[in-house]
Amino acid sequence: MSMQPVPWPDPDPVVAAAIGAMYGSRKTEPPLAVTVRDRLGEWLRDEEFAGAFGVRGRPGWPPSRLALVTVLQRAENLTDRMAAEAVRTRLDWKYLLGLPLEDPGFDHSVLPEFRAKVADAELEQVLLDALLERLASDGLVKAGGKQRTDSTHVVAAVAELNQLELAGESARAAVEALTAAHPGWVAAALHVSEWTRKYGTPVPGWHLPASKKKQDELAVTYAKDGHALLRAVYDKASPSWLAELPAVETLRKVLVQNYTLVIHAGGREVVKRREKQPEGDGIPPGRYRIASPYDADARWGAKRDESWLGYKLHVTETCDDAPPCGCAGPGHDGDCGAAAFPNLVTCVATTSAAVTDTEMTGVIDDALAAKGLAPGRHYLDSGYLSAGRLVAEAARHGIALIGPLQADTSAQARAGQGYARADFAADYDAQQVTCPQGKTSSSWSPCSQYGRDAIVAIFARSDCEPCPARELCTKGKKRTITLQPRAVAEAQAALRAAGNTKSFQADYARRAGIEGTMHQAASRGARRARYRGLKKTRLDHAFMAVALNLLRLNAYWNGNPLDRTRTSHLARLELSLAS
């Protein structure tokens with residue numbers, strides 16, 4: 001399939017006349033597709049998707065219009081078949097796409113093919129960036145304002161597997177892929193009836209042995225079969241391209257991550273399951289460990305009391321104040337509740353579930369700055385914040401991060417008794433630390449810890465051992481304090497002091513509104529991946545963000561802005577009684 005850029009056609013006269021008759025009087029609110037066409041016009045070009053399509057072959061449907069179909073599909077929670085049917089039968093969709101009444105549309109299989117090409121070319125952000133650029137020209141989004149960010153879990157579209165099931169299912173997936181790619185090779189290299197007996201049905205569907213000993217034996221059997229399969233694939237007599245099959249490479253990684261293979265003298269092989277250190281050989285960190293052979297990007301993640309297999313979605317949106325009404329006059333305070341601009345999603349980022357929130361703060365700010373939409377104030381929860389990040393973002397982009405810092409994690413602070421880090425006074429000019437008992441540190445050593453600058457101050461053993469308060473301070477023979485650089489420490493102290501003030505808490509309350517956006521996204525399936533793989537999941541979330549923006553713009557343009565200040569029935573009763 002090739003792409004030949006073409007401008008959007010004007011709405012078909014017959015379709016436009018029907019739409020005008022139905023919604024021209026404005027007594028009936030026009031649907032989303034009609035409002036988008038009338039308000040935005042041709043805001044997306046085919047050229048934006050040039051990297052995903054070739055220049056030779058039969059021309060396909062224009063990718064810009066397929067992108068809009070996908071967005072409407074996300075806005076209305078439609079399947080591919082339902083979306084293709086809507087293109088064929090619905091007047092509002094034909095009006096948006098510029099199709100004549102008799103246009104037959106396309107087969108529903110065009111949509112997954114389009115998504116796969118765009119995801120593989122990593123062009124998932126094109127649509128959101130084009131919309132934001134168009135809205136910026138209208139003044140609906142701008143740099144220097146206020147924005148807020150939050151994250152939520154995304155469950156992968158695969159079953160959860162334990163280590164035993166993972167090994168067996170990885171071997172089954174590999175032999176299935178090999179059989180589909182080269183059945184003749186499989187028939188010659190493997191004992192087909194034996195492999196069918198073991199791997200003819202999904203491993204989780206089997207009745208696995210109850211005893212741990214038999215489970216361990218079965219796990220080793222899966223691993224031995226996997227190694228035997230890999231040896232056959234990598235044999236010089238086998239076609240070299242078999243090793244390039246994704247399922248084969250996934251099997252190799254699963255075996256390396258979960259098992260050890262030792263070949264003794266005489267060729268005897270010993271396969272063992274990896275166990276956590278220090279007792280075992282150790283297993284890779286969770287962010288690198290494959291959890292399913294059918295989605296090699298999915299990882300285990302945890303947030304507070306919740307754990308899941310899949311991804312994490314980060315959403316950033318505007319949250320500026322409502323503009324003044326502009327009708328101030330004698331006896332009027334100028335506050336008549338003018339319609340506020342809608343809160344619009346400016347950035348979406350999808351990562352594996354193992355990536356922490358704090359790792360994404362700089363990434364999100366970089367993305368906003370690249371779009372020319374860097375906020376002046378960025379509201380975040382404590383998971384995104386650190387004192388070092390606070391200083392870095394102000395220096396890099398001039399962004400003020402607003403939110404509470406995480407609590408002191410020292411043992412004394414966690415226990416709620418004893419001398420915590422905050423009880424020690426640091427003098428950066430004199431390069432020493434004073435403890436609550438008045439003793440000063442004997443050394444001051446700048447260093448690097450986990451890639452960040454730090455200072456380690458150590459108190460003398462001669463001061464700590466005879467100290468009457470040593471049990472409140474340390475279990476060792478001397479106390480060691482790790483300090484942050486001066487600028488970072490001062491920023492941390494200032495933010496923690498401000499966090500206790502009513503003005504800060506009233507300002508930070510603005511961040512709570514992001515929960516409504518997360519709920520709106522979740523109602524359209526954001527917390528459960530529709531597709532397998534990080535690339536396709538990213539594309540789905542990016543298109544969902546465009547759908548949310550268009551829904552909010554539709555409400556704003558039709559005079560039905562979403563309620564920002566929802567008031568409970570009890571609160572309304574209190575106000576009525578007070579009046």
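User: Is cysteine 447 buried, partly exposed or exposed?

Analyst: The model is predicted, so local features need pLDDT of at least 70 and side-chain atom pairs pLDDT 80 or more, while totals for chains, interfaces and linings use all residues. Residues are numbered from 1 along each chain as its sequence is written, and side-chain values use heavy atoms, with hydrogens and water left out. Buried means under 20% relative accessible area, exposed over 50%, and partly exposed in between, for a 1.4 Å probe and protein chains only. Because its relative accessibility is 29%, cysteine 447 counts as partly exposed.

User: Which cysteine sulfur is nearest to that of cysteine 467, and how far away is it?

Analyst: A disulfide is a pair of cysteine sulfur atoms within 2.5 Å. Cysteine 467 is in no disulfide. Its nearest cysteine sulfur belongs to cysteine 435, at 6.1 Å.

User: Which residues lie nearest the centre of the largest cavity?

Analyst: On a 1 Å grid over the protein atoms alone, a cavity is a set of points where a 1.4 Å probe fits but cannot get out, and lining residues have an atom within 4 Å of a point. The largest cavity has a volume of about 130 Å³, the space filled by probe spheres set on the points, with grid points joined across faces, edges and corners. Of its 15 lining residues, those nearest the centre are Cys435, Gln437, Cys464, Cys467 and Cys473.

User: Which element gives the most to the lining of the largest pocket?

Analyst: A pocket is an open set of points with protein on both sides within 12 Å along at least five of seven lines. The largest pocket has a volume of about 1,300 Å³ and is lined by 37 residues. Helices (H or I, at least four residues) and strands (E, at least two) are DSSP runs, numbered from the N terminus. With seven residues, the element that gives the most to this lining is α18.

User: With which side chain does the side chain of histidine 314 make a polar contact?

Analyst: Histidine 314 lies in strand β5, residues 306-318, and counts as buried because its relative accessibility is 1%. A polar contact is a pair of N or O atoms within 3.5 Å; within protein, one must be able to donate a hydrogen and the other to accept it, and residues adjacent in sequence count only if both atoms are side-chain atoms. At 2.7 Å, the partner of the histidine 314 side chain is the side chain of tyrosine 384.
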